[in-house]
Amino acid sequence: MAYDKSDFVITDGMHPADIADALWQDVDISRARELFDEMDVAQGALVLAEADEKLQSALLEDRDPQVIANYLNLLSVDDGVDALNELPDALRLEALCFVDSETATELRHLTSYPEKSAGGMMTTEFISVAESERVADVIKLIKGDEGEAESVYVIFVVNTANILQGVITTRELLELEENDSVGEFMNPDVISARVDEDREEIARQILRYNLSLLPIVDARNSIIGVVSSDDALEVVEEEGSEDALLLAGASGDSDAGEPLLEMVGHRAPYLAIPVGAGLIMSKVMEYFTRGDATAADDVYSTVIAFVPMVLALSGTVGMQTSAVLVRGFAVGRIVPGRRLSVFLSEVRVGVVLGLLSALVAGPAMGFIIGDYYTGIMLSLALWLSIIWTNTVATSIVVGSEAAGLDPALVAGPVMIAVSDLSAVALFLGVASKLMV
């Protein structure tokens with residue numbers, strides 16, 4: 001019996017994250033909206049907090065602004081910003097009119113920052129205290145928090161002008177005397193980030209320094225928000241998925257649960273690049289297979305027989321290099337000062353990989369065509385082609401990152417088209433010259 005998506009129901013005890021996944025993956029969007037409408041506002045808010053951006057948009061679009069406001073009143077500020085960013089401008093403004101005034105003020109403030117900046121991902125729900133505050137008073141403040149702050153385990157210490165001075169943990173507070181002032185025992189070496197920094201850099205800092213909260217400051221070094229480790233992990237997952245999709249030649253917005261036309265639309269445009277490269281390659285092949293009845297014909301036909309192998313090897317080497325470098329830039333392993341050393345290192349890798357491929361393929365090609373001298377000449381051309389491919393792939397990734405472009409976008413179909421075309425042209429040209 002075929003599975004009917006309309007039969008899906010939400011059972012008691014399902015985690016909000018599992019519900020969100022089921023609404024996006026297991027049912028069509030109309031059924032998802034029906035199931036969402038059956039939830040009470042509290043459960044709906046929990047599901048929205050766990051939902052993918054596309055699901056948030058689908059669940060909230062065309063709804064009454066007051067209904068949306070009911071959810072926003074229950075969401076944390078940073079989750080509320082994520083939900084608002086998925087709404088049309090007019091509906092967003094209308095919904096904010098029905099939100100509690102204090103929450104609405106914070107939401108308006110946070111939505112004014114670019115979505116992919118520190119300001120766009122931070123929350124204003126954190127605990128800060130004055131340097132002169134007594135330990136007993138701070139502990140009392142923590143007990144009365146009622147779950148409003150992002151975390152009660154990290155307390156930020158500020159001066160009278162709200163300038164960040166240090167940080168102290170709840171654990172450290174419990175080890176002090178009640179009348180001690182937090183300013184005397186705080187850690188003044190605080191890692192912070194500017195509000196206009198890119199969210200990928202924020203995520204890198206949190207992961208690099210193993211932070212649970214990263215304070216976000218303005219130009220005066222006044223703390224205005226915090227970013228939590230779970231938000232950083234979401235960014236890493238999202239950016240990593242986007243880079244992987246771009247590297248494979250698909251839009252960064254692609255998703256397995258999309259409707260057919262959207263899936264096609266996200267992938268089809270990128271096919272224009274290899275199609276164009278293939279047409280150019282056909283002209284290159286035509287040049288080497290022109291129908292002159294000369295003694296060179298046998299040479300060209302021998303060389304062309306191994307073009308598929310060159311394409312496979314060059315494509316594999318190029319994708320390996322691109323994947324390693326894109327990941328290195330994405331996780332912060334490759335910093336601007338290391339670009340040249342990384343470039344030279346990858347070129348050396350290409351030399352070694354090309355040599356190994358040539359040593360294996362050369363005798364095999366000689367055996368197949370019954371001429372080991374020709375096999376050696378072909379292996380030399382193959383070696384040079386792989387070195388060239390690896391150098392091109394490295395140059396494209398490192399160069400695009402240095403130019404401020406997304407390496408994953410440029411290193412996907414662009415790298416394949418350029419490196420494959422140039423590798424084949426180089427192989428055909430070198431091999432034919434060596435053998436004639």
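1. Contact here means heavy atoms within 4.5 Å, and in that sense Gln-56 touches Leu-48, Ala-51, Asp-82, Ala-83 and Glu-86, once residues up to four places away in sequence are not counted. The model is a predicted one, in which local features need pLDDT of at least 70 and side-chain atom pairs count only at pLDDT 80 or more, while totals for chains, interfaces and linings use all residues. Residues are numbered from 1 along each chain as its sequence is written, and side-chain values use heavy atoms, with hydrogens and water left out.

2. On the overall make-up, the secondary structure of the protein comes to 22 helices and six strands, where helices (H or I, at least four residues) and strands (E, at least two) are DSSP runs numbered from the N terminus. Of the 436 residues in the protein, 44% are buried, a term that stands for under 20% relative accessible area, with exposed meaning over 50% and partly exposed in between (1.4 Å probe, protein chains only). Among contacts with a separation of 6 or more, 66% join residues 24 or more positions apart. The protein exposes about 22,200 Å², of which carbon and sulfur atoms supply 58%; the areas come from the Shrake-Rupley method with a 1.4 Å probe.

3. Returning to Gln-56, this residue has its place in helix H4 (residues 53–60) and is buried, with a relative accessible area of 5%. Leu-87 lies 31 residues from Gln-56 along the chain, and the C-alpha atoms of the two are separated by 8.8 Å.

4. The axes of helix H5 (residues 65–74) and helix H7 (residues 89–96) come within 8 Å and cross at roughly 65 degrees, the axes being lines fitted to C-alpha atoms, for helices over the stretch in contact, with angles that run from 0 to 180 degrees between N-to-C directions. H5 and H7 are therefore roughly perpendicular to each other, given that 65 to 115 degrees counts as roughly perpendicular, under 35 as roughly parallel, over 145 as roughly antiparallel and the rest as oblique.

5. By class, the contact of H5 with H7 has six nonpolar, no polar and one charged residues, where Ala, Val, Leu, Ile, Met, Phe, Trp, Tyr, Cys and Pro count as nonpolar, Asp, Glu, Lys and Arg as charged, and the others, Gly among them, as polar.

6. H19 passes H20 in a right-handed crossing, and the residues of their contact divide into 20 nonpolar, 12 polar and three charged. Val-360 lies in H19 and is exposed, with a relative accessible area of 63%; from C-alpha to C-alpha, Val-360 and Ser-379 are 8.7 Å apart in space and 19 residues apart in sequence.

7. Finally, Ala-149 sits in the loop between helix H10 (135–143) and strand E2 (154–158), and this loop residue is buried, with a relative accessible area of 13%. Leaving aside neighbours within four places in sequence, Ala-149 is in contact with Glu-125, Phe-126 and Ile-127. The C-alpha atoms of Ala-149 and Phe-126 are 4.6 Å apart, although 23 residues separate the two in sequence.

Terms used. Left-handed = near helix turned anticlockwise from the far one by under 90°.
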